[in-house]
Amino acid sequence: MTNLTLSETARSSVVAAFPAELPFKITTRPGLVVGLLVLCDLCMLAVAAVTAVCGPLLLETVTRPSRYLDLYLGLWPLLGVFIAAYGCLKLYPALPLSPANELRRLTIVTSLIYLGLGTVTFLFQEGITYSRSVLLVAWAASLVTVPVGRASLRMMLSSRHWWGYAAVVLGAG
């Protein structure tokens, strides 16, 4: 929990503009916001993976469904790679990025991780075991679900008093 207070000069300006809002104290919970973003990203990446893996099952192109599901269920720890990479690119900041920068970073890091997974699959000659089409569908679905999930989360929770930081924009026009 973070408590923000204003300096006396800023406080007197705010008092003149918003006299009914005293005392001016804002309570935020950046840890909760980051935790919810991580949870949202995990859920959206899981939705993308389930969509990609279940496609061949629904189309009945898989000969042994139980072995197929066990094979892909064993990859769930890779979700941690996405979260770690998102964290390294500062996609979980206390102060949010602009939407364009966030979308750019999400697209780049997600694409690089899937490119790395495809490369590792090729190098270890697991191309027969793991389907390239599942990888491509999961990549495309991740590029859509993660930003949409984040936007939905922000839309639902941005009105809460603990979400984000309040800002005062001063200007002459």
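Mentor: Trp139 sits in helix H6 (residues 132-157), where a helix is a DSSP run of H or I with at least four residues, a strand is a run of E with at least two, and both are numbered from the N terminus. This is a predicted model, in which local features need pLDDT of at least 70, side-chain atom pairs count only at pLDDT 80 or more, and totals for chains, interfaces and linings use all residues. Residues are numbered from 1 along each chain as its sequence is written, and side-chain values use heavy atoms, with hydrogens and water left out.

Trp139 counts as partly exposed because its relative accessibility is 31% (buried is under 20% relative accessible area, exposed over 50%, partly exposed in between, with a 1.4 Å probe and protein chains only). With residues up to four places away in sequence set aside, Trp139 touches Thr110, Ser111 and Tyr114 (contact is heavy atoms within 4.5 Å). For Ser111, the C-alpha of Trp139 is 7.0 Å away in space, although the two residues are 28 apart in sequence.

The axes of helix H4 (residues 79-88) and helix H5 (residues 99-123) come within 10 Å and cross at roughly 140° (axes are fitted to C-alpha atoms, for helices over the stretch in contact, with angles from 0 to 180 degrees between N-to-C directions). H4 is therefore oblique to H5 (under 35 degrees is roughly parallel, over 145 roughly antiparallel, 65 to 115 roughly perpendicular, the rest oblique). On the H4 side the contact is made by Val81, Phe82, Ala85 and Tyr86, and on the H5 side by Leu106, Val109, Thr110, Ile113 and Tyr114.

Asp41 counts as buried, because its relative accessibility is 0%. Beyond its neighbours within four places in sequence, Asp41 is in contact with Ile83, Tyr86, Tyr92, Val146 and Arg150.

As for the whole chain, six helices and two strands are present, and they follow the pattern β-α-β-α-α-α-α-α along the sequence. Of the 173 residues, 24% count as buried. Among contacts between residues at least 6 apart in sequence, 70% join residues at least 24 apart. The mean pLDDT of the chain is 81, with 74% of residues scoring at least 70 (pLDDT is the predictor's confidence in each residue, from 0 to 100). Among the elements, H4 has the highest mean pLDDT (94) and helix H1 (residues 8-17) the lowest (52).
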